[in-house]
Amino acid sequence: MKLEKAQLSQSQVLVVGDVMLDRYWYGAVDRISPEAPVPVVRITREENRLGGCANVAYNIVSLGARASLLSVVGDDEASHQLEALVAKTGIAPYFGRDSQLKTTVKLRV
């Protein structure tokens with residue numbers, strides 16, 4: 001079934017699940033650590049993106065539909081960054097905050 005753009009723009013989708021903050025560090029490797037066989041990275045740029053089901057909600061909005069996002073996050077810095085990213089997209093967030101949880105952050109170097 002092929003959805004027309006007008007049909008898609010009238011669609012409303014509720015996305016429920018685990019959200020995460022996808023963090024990317026960019027930089028150069030000049031040497032290997034003498035303590036362990038790992039590269040030492042000089043970070044030059046950092047980027048944060050929506051991850052987990054927040055990315056699914058973002059893809060829905062990008063296609064022209066409306067999306068609401070229901071999830072539980074920690075009451076931490078990562079959750080506030082995630083909330084700020086969601087606010088820029090037009091996704092309607094419904095975040096429950098639990099101070100006993102830590103918001104998931106996936107780091108890619």
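1. Start with Glu47. Glu47 counts as partly exposed, at 22% relative accessibility. The cut-offs are these: buried is under 20% relative accessible area, exposed is over 50%, and partly exposed is in between, with a 1.4 Å probe and protein chains only. Glu47 meets Arg45 in a salt bridge, 3.2 Å from N to O. Such a bridge needs a side-chain nitrogen of Lys or Arg within 4 Å of a carboxyl oxygen of Asp or Glu. Arg45 is partly exposed too, at 44%.

2. A word on the model. This is a predicted model, where local features need pLDDT of at least 70 and side-chain atom pairs count only at pLDDT 80 or more, while totals for chains, interfaces and linings use all residues. Residues are numbered from 1 along each chain as its sequence is written, and side-chain values use heavy atoms, without hydrogens and water.

3. How many salt bridges does a search of the whole structure find? The search gives 7. One of them joins Glu77 and Arg23, with the closest N and O atoms 4.0 Å apart. Glu77 sits in helix H3 (residues 77-87) and Arg23 in strand E2, so the pair ties together parts 54 residues apart in sequence. Helices (H or I, at least four residues) and strands (E, at least two) are DSSP runs, numbered from the N terminus.

4. Are the two partners buried or exposed? Arg23 is buried, with a relative accessible area of 14%. Glu77 is partly exposed, at 47%. Arg23, Glu77 and Glu46 are linked in a network of salt bridges.

5. Next, Asp30 and Arg42. Their salt bridge brings the closest N and O atoms to 2.5 Å apart. Asp30 belongs to strand E2 and Arg42 to strand E3, so this pair ties together parts 12 residues apart in sequence. Asp30 is exposed, with a relative accessible area of 58%. Arg42 is partly exposed, at 47%.

6. Now helix H2, residues 53-62. Its buried residues are Cys53, Ala54, Ala57, Ile60 and Val61. Seen down the axis of H2, they fall within an arc of 115 degrees, so they line one face of the helix. The arc is taken from the directions from the helix axis to the C-beta atoms. An α-helix has 3.6 residues a turn, so residues three or four places apart point the same way.

7. What do the buried residues of H2 pack against? Their partners are strands E1 (12-16), E2 (19-32), E3 (39-52) and E4 (66-74). Contact here means heavy atoms within 4.5 Å. Just after H2, Gly64 takes a positive phi of about 110 degrees.
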